[in-house]
2 protein chains.
Amino acid sequence: MSSLGAVLDRIDQNLDQSLERLFALLRIPSISTDPAFASQCRDAAAHVASDLGTIGFDVRVRETAGHPVVVGKGGDGGGPRALFYGHYDVQPVDPLDLWDSPPFEPRIATLPGGRKVIVARGACDDKGQVMTFIEACRAFRQVTGKLPFPITMMIEGEEESGSKNLFDFVRDNAAEFRLDLALVCDTGMWNPRTPMITTGLRGLLYEEIRIRCADRDLHSGMFGGAAQNPIRVLAKVLGAIHDDDGRITIPGFYADVRELAPALRAELAGLGLTPENFLQPVGLKIPAGEKDRSLLEQISTRPTCDVNGIVGGYTGEGAKTVIASEASAKVSFRLVVDQDPAKIRDAFRAFVRARVPADCAVEFVSHSGTPAIQLAPDSPALVKAREALADEWGKKPVAAGIGGSVPIVGDFKEVLGMDVLMVGFGLDDDRVHSPNEKYDLTSFHKGTRSWARILAALAES
Amino acid sequence: MSSLGAVLDRIDQNLDQSLERLFALLRIPSISTDPAFASQCRDAAAHVASDLGTIGFDVRVRETAGHPVVVGKGGDGGGPRALFYGHYDVQPVDPLDLWDSPPFEPRIATLPGGRKVIVARGACDDKGQVMTFIEACRAFRQVTGKLPFPITMMIEGEEESGSKNLFDFVRDNAAEFRLDLALVCDTGMWNPRTPMITTGLRGLLYEEIRIRCADRDLHSGMFGGAAQNPIRVLAKVLGAIHDDDGRITIPGFYADVRELAPALRAELAGLGLTPENFLQPVGLKIPAGEKDRSLLEQISTRPTCDVNGIVGGYTGEGAKTVIASEASAKVSFRLVVDQDPAKIRDAFRAFVRARVPADCAVEFVSHSGTPAIQLAPDSPALVKAREALADEWGKKPVAAGIGGSVPIVGDFKEVLGMDVLMVGFGLDDDRVHSPNEKYDLTSFHKGTRSWARILAALAES
């Protein structure tokens, strides 16, 4: 039996223990964006560090201005020197009452139709995905006594809040992390049967707006009609961002957006993404983006804007006739290649300021601003990963630029000058960032096997 | 000394005890709109009932489908049979962190400039105002041994949530409450030195909108650009309600609004309400209503719309890249004479539905719908009250239609066929419905004296 065959067998035999290790990590509520969970983030870092230690990595929990980064180094010999990136932090869990079970008490559930899934916050994003890689390394080590080639692990704790301290960390330690190849497991499958290599990521600009009008809450019976209402101002601003055709109206927003080459456009169309298979599973039918663009373009090659949260005035039970003094919203943009986050931020802020009446004040908080990235579709690592994934899934993987942002990936490419291989096993219905987040047991198991195959393929150089 | 003189002296001597009684009522957190405070509302009703009992009223706490109504009957002999209306319930207190002291621990504070004020939720609206009348009755009873004429007290517990059960209560007991005159103390002064008789009240239509899109929260990295966002839909709807000139764009909204006679318009202008004296005290400068209307028209004779609250998506600290499944807003309209709340509600709902995309659902909850009322400016009671107020304040009162809604007043006039006399002592800076609500000690003291004078004047018939 080849060593790969033995490694895959070991992964199959060890599945229950692998799940136990994942569950232990999922039990730690490492919500990075909420300062109340800072110590739990530190617990998660320590937990990951300790686990990596058990498979021979030399690990340090490295401090940043925020949550720490776990860095582990292992393996030797030939083959590429690889940097694996993932994150141990998770999204907030609210609204908590929509969870069917406590978000940090992972469990296996069976969906109608028989799919078995792991349910917990972070089950997919990114703890489950990170563990597919770690478990593949573990099987290698158990079967062959060592890792297949030199691997540096970088597991950070602020991805869900824009990786704000990781950028400096990577730049400050560029010499250490400038290796041959970056591996990332934080993306999705094309569909439950078809693997995917993600070749591009949209950037993310995340802004918070606060509008203030009167210096106190007012009674709408007395002041209604005469006093500026910050919710009305905010609604005017947010309601003006998109026109009736779904286009974003901020001046200059599309100025640097490249049109797709007709061939690429045709290739995207050929992937067969439809409202039925993409939107229907979440209760929708009609693509909401730019009317003259295909659904796949709307979610992959075109920039977008979403309001992620809004609050102002009385939001409790019943009625209160108040004019609030303040209202706020969180607004994010998915950016495409060549859009400059700083330029878009300036244009957005000017757009907002132009709509705030003289009597009101606006304040901005920036939560993140990272550019989109586009990876070469034919790098040697990608070609090898393509074959390895085809072997595991019995189906050629799709290579496309789809999905969320992984903020640091741009710096791996631009600052460290590395090829980046993004392979992940999330599914569209994983409820990532939502209540009842899940990760298919198949994603976890075959994901681990996929990484074993990719590691074996990369080692043959 | 006339009996009025003795009554006024007694009010002056009793001020400290009167305040103690008011404070005892203010300590009860009778927030009617929040079901969590139902038992406290009942406590407040019992407290008022017991207090009225001490001045000779025959009192019953009468059940409704919601919070109970305190009904007390006292007095005999000639003079008009009067119904006094007020409410023991108060507005919610959030945002609690903006209060300088706990909202249900009343205290006397001194403002810069030396004005002494009572600070607490309900200090003005309406516990302080109700107690001016009760304390005037108490002084009459103490000095003369009886009330000046037959008085029925009706102190309800749902005014702040639209008096939704009082309408049936009044209709079901119309024969009992159809008296000669209704007295209401829930309105304001023209300014700190000038009393006011309120001769009209705007109506109130209060609607809640809930927009639902996907059947779960979505990750904006995956679905952004393709999935309808309920906050975006809501912003489009709310942002479209007013045009750039401050006019409401809902079709038919102004159809039944009467234009003011030029003489009345001139009279309003003569009252000298300016942005400096009305808006500046709350940190604003520029009237936000219809551009071609005066400030006084904007707040008194023209209908308005305000968004009183909005919430959707992630509103915690930091950033979350979520597309919410649901967003909601509370929207209220101040209506003027001849606008039919049911008609406006239908027009508003049609306006909203026309802006909700096919993929989304909208749901409405109605919190209230009461028409505006206009009272005769020359009823015998009003003429007497005008003199009584002038005697107390040394200044002729303004008679105008300004301020919030008192939902049941329309029914006193239309259903019971009574004259209604609305006199109150609130001031524009009372922070009614806001943190740090206050009531001037002068309003409380001279308000009590004012009622004593009005009662004496009405008794002379």
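## Helices α2 and α4 in chain B

A crossing of two helices is called right-handed if the near helix is turned clockwise from the far one by less than a right angle, and left-handed if the turn is anticlockwise. By that rule, α2(B) passes α4(B) in a right-handed crossing. This is a predicted model, so keep that in mind for everything below.

Here is the geometry behind that crossing. Helix α2 of chain B covers residues 15-26 and helix α4 of chain B covers residues 127-144; their axes come within 10 Å and cross at roughly 140°. Angles over 145 degrees would count as roughly antiparallel and 65 to 115 as roughly perpendicular, so α2(B) ends up oblique to α4(B). From α2(B), the residues making the contact are B:S18, B:R21, B:L22, B:L25 and B:L26, and they meet B:K127, B:G128, B:M131, B:E135 and B:R138 of α4(B). Sorted by class, the contact of α2(B) with α4(B) has four nonpolar, two polar and four charged residues.

## Helices α13 and α15 in chain A

Over in chain A, helix α13 (residues 380-393) packs against helix α15 (residues 441-459) at an angle of about 135°, and their axes are 9 Å apart. That angle makes α13(A) oblique to α15(A). The crossing of α13(A) and α15(A) is right-handed.

What does α13(A) bring to this contact? Between α13(A) and α15(A), the contact residues split into eight nonpolar, three polar and six charged.

## A three-stranded sheet in chain A

Chain A has an open sheet of three strands in the order β4-β5-β19, and the pairing is antiparallel. At the edges sit β4 (107-110) and β19 (438-440) of chain A, each pairing on one side only. From one strand to the next, the twist averages 35°.

Zooming in on one pair, β4(A) and strand β5 (residues 116-119) of chain A run antiparallel and are joined by four bridges. One place to look is A:T110, whose bridge partner in β5(A) is A:K116. Helix α2 (residues 15-26) of chain A packs on this sheet and touches β4 and β5 of chain A, with its direction making about 30° with that of β5(A).

## An eight-stranded sheet in chain B

In chain B, eight strands form an open sheet ordered β1-β2-β6-β3-β7-β18-β8-β17, with mixed pairing. Its edge strands are β1 (58-62) and β17 (398-400) of chain B, each of which pairs on one side only. The strand-to-strand twist averages 20° here.

Within that order, strand β7 (residues 181-184) of chain B pairs in the parallel sense with strand β18 (residues 419-423) of chain B, over four bridges. B:L181 stands opposite B:D419 in β18(B). Two helices pack on the sheet, as you can check in turn. Helix α3 (residues 38-53) of chain B touches β1, β2 (69-74) and β6 (151-156) of chain B, and its direction makes about 170° with that of β1(B). Helix α15 (residues 441-459) of chain B touches β3, β6, β7 and β18 of chain B, with a direction at about 170° to that of β7(B).

Most residues other than glycine have a negative phi, and most peptide bonds are trans. With that in mind, a few spots are worth a look. The peptide bond from A:D125 to A:D126 is cis, with omega near 0°. A:D126 lies in the loop between β5 and α4 (127-144) of chain A.

Chain B has a cis peptide bond from B:D94 to B:P95, with omega near -5°. You'll find B:P95 in the loop between β3 (82-87) and β4 (107-110) of chain B. Then there is A:H433, a residue other than glycine whose phi is positive, near 70°. A:H433 belongs to the loop between β18 (419-423) and β19 of chain A.

## How the two chains relate

What superposes chain A on chain B? A rotation of 180° with 0.1 Å of shift along its axis does, giving an RMSD of 0.1 Å. The two copies are therefore related as by a two-fold rotation axis. Both copies use the same surface, as 100% of the contact residues of chain A recur in chain B.

How values were computed: Residues are numbered from 1 along each chain as its sequence is written. Chains are lettered from A and ligands numbered from 1 in the order in which they are written. This is a predicted model: local features need pLDDT of at least 70, side-chain atom pairs count only at pLDDT 80 or more; totals for chains, interfaces and linings use all residues. Side-chain values use heavy atoms; hydrogens and water are left out. Axes are lines fitted to C-alpha atoms, for helices over the stretch in contact, and angles run from 0 to 180 degrees between N-to-C directions. Angles under 35 degrees count as roughly parallel, over 145 as roughly antiparallel, 65 to 115 as roughly perpendicular and the rest as oblique. Contact means heavy atoms within 4.5 Å. Ala, Val, Leu, Ile, Met, Phe, Trp, Tyr, Cys and Pro count as nonpolar, Asp, Glu, Lys and Arg as charged, and the others, Gly among them, as polar. Two strands pair if DSSP finds at least two bridges between them. Copies are superposed by least squares on the C-alpha atoms of residues with pLDDT of at least 70 in both.
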